[in-house]
Amino acid sequence: MRIGIFGGSFNPPHNGHVQAANVAISSNKLDLLIVVPTGTPPHKKLPENSPSPEMRLEMTKNAFSELKNTIISDAEILSTEPCYTIDTVNSIKSEYPGSEMFLLLGDDMHDSLLSHKWKDSKKLLRLVTPILLPRHVIDISSTELREMLPNREGTSYISDDNYSYIIKHRLYNAKPDWDWLRGRAHEMLDPGRIPHVDACEIEAMRLAERWNVSFEDAREAAILHDITKKLDFNENLCIITGHGEKIYELKKGEEKLLHSITGSLLAKSMFGMSDAVTNAIRWHTTGKSRMSMLEKIIYLADYTESTRNFPEVEELRKKAYSNIDDAMKMGLEMTVSDLLSRGISPSAVTYDALNDLPD
Ligand SMILES: [Fe+2]
Ligand SMILES: [Fe+2]
């Protein structure tokens, strides 16, 4: 049996690792590849938002899941003691006696092993044949990837599962790529609602610029504000209880409000959004007292984006740019009278929002 051993920190694992492993398996006719994510010494301080060993292990499993005859070993990554390659190789050798062993190495590791900088390197070289990994397959390193992720880049170098995982936990200070985030939101929307949400994104960015609010926050909130809108009452309730939240008694007509609660919960739990963003989603339908500028912007972008065409929309749009509190007042009052005309009593927080605005 020909066994390849592929060690590395996989922080994070990327498509370059997987493709290099794939080439190594076929060109060396390996029967089995054992991927060994390395541990981190207990005393070593990791940069902020670094994944835990368990998270790194999970991402490594995810990354290599499509590769045949490949297993992931947790021997080094979950160990609290420093691990040396010679020990790992010895333990694999005793598990698979009589097998021929190969060690997959990047160029720098390859050089350092051959110049005997490793523990027991001579012994090690009698046990394994080094295989130099082809780096040119995909020219990216984990270090480069870690630099790209906070700039909303790098999606094409990483599996979608792992990218979602990194964004959800905001590992490496990652921020979501705009096209990726919009794509995820679109998957959750009724197709008919997509033009509204796309127009809302544009309007929210314009308003954010006008009122000096982070356009990134406004854009994220607008993209995600209606992600649970197509779900029915029970699906919304499931999300609320699933997030450990309680549901208060709903009055007639208030089922419509659930999507702002569940949208904000999912924005946090699926996409790692900040409190500022999740609150803007939370209050986009009813408003509330003491709204932040971002919350007002999302409320008004939702109301006045370019596909809206009710009679007063032009006036409301103008106000949103000239006096945002006047616009809020007009929007909230219109909502109240619309609800009342349909026999639905407006939510108490909507009255709070109105009372809170300057006369
Ligand atoms: Fe909505
Ligand atoms: Fe909306």
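Domain bounds here come from an automatic or database domain assignment. On that basis the chain is divided into domain 1, residues 2-139, and domain 2, residues 178-356. The centres of domain 1 and domain 2, taken over C-alpha atoms, are separated by 48 Å.

The structure is a predicted model, in which local features need pLDDT of at least 70 and side-chain atom pairs count only at pLDDT 80 or more, while totals for chains, interfaces and linings use all residues. Residues are numbered from 1 along each chain as its sequence is written, and chains are lettered from A and ligands numbered from 1 in the order in which they are written.

**Overall form**

The chain has a radius of gyration of 27 Å, whereas a compact globule of 359 residues would have one near 21 Å. This radius is taken over C-alpha atoms, and the globule rule is 2.2 Å times the number of residues to the power 0.38. Along the principal axes, the C-alpha atoms fill a box of roughly 85 × 40 × 40 Å.

The chain holds 17 helices and five strands. Helices (H or I, at least four residues) and strands (E, at least two) are DSSP runs, numbered from the N terminus. Of the 359 residues, 37% are buried. A residue is buried if 20 or more other C-beta atoms lie within 10 Å of its own, exposed if 12 or fewer, and partly exposed in between, with C-beta atoms placed from the backbone. Two residues are in contact if their C-beta atoms, placed from the backbone, lie within 7 Å. Among contacts in the chain with a separation of 6 or more, 70% join residues 24 or more positions apart.

**The sheet and its helices**

Five strands form an open sheet with parallel pairing, in the order β3-β2-β1-β4-β5. At the edges stand β3 and β5, each with a single partner strand, so one side of each has no neighbour in the sheet. From one strand to the next, the twist averages 25°. Two strands pair if DSSP finds at least two bridges between them.

| Strand pair | Sense | Bridges |
|---|---|---|
| β1 and β4 (residues 100-105) | parallel | five |
| β4 and β5 (residues 128-132) | parallel | five |
| β2 (residues 32-37) and β3 | parallel | three |

Individual partners can be located within these pairs. R2 has E100 in β4 as its bridge partner, L104 stands opposite I131 in β5, and I34 stands opposite I71 in β3.

Helix α1 lies across β1, β2, β4 and β5 and runs at about 160° to β1. Helix α3 (residues 85-95) also packs on the sheet, touching β1, β2, β4 and β5, and its direction makes about 150° with that of β1. For these angles, axes are lines fitted to C-alpha atoms, for helices over the stretch in contact, and the values run from 0 to 180 degrees between N-to-C directions.

F64 is found in the loop between α2 (53-63) and β3 (70-72). F64 counts as buried because it has 21 C-beta neighbours inside 10 Å. Apart from its neighbours within four places in sequence, F64 is in contact with V18, V35, T70 and I72. F64 and H14, 50 residues apart in sequence, are 9.4 Å apart in space, C-alpha to C-alpha.

**Nonpolar cores**

A nonpolar core is a set of buried Ala, Val, Leu, Ile, Met, Phe, Trp, Tyr and Cys residues joined through C-beta atoms within 7 Å. The largest has 50 residues, of which A204, A218, A221, L224, I297, I298 and L300 touch the most other members. Elements giving two or more residues to this core include α9 (194-210), α10 (215-224) and α14 (293-304). The largest share, seven residues, comes from α14. I297 is in contact with A204, L207, A208, W211, V213 and A218, leaving aside its neighbours within four places in sequence. A second, separate core of 28 residues includes L33, I34, M59 and I92.

**Backbone features**

Most residues other than glycine have a negative phi, and most peptide bonds are trans. The peptide bond from N11 to P12, however, is cis, with omega near -5°. P12 is placed in the loop between β1 (2-8) and α1 (15-27).

N212 is exposed, with 8 other C-beta atoms within 10 Å. R290, in the loop between α13 and α14, likewise is not a glycine and has a positive phi of about 50°. R290 counts as exposed, with 8 C-beta neighbours inside 10 Å.
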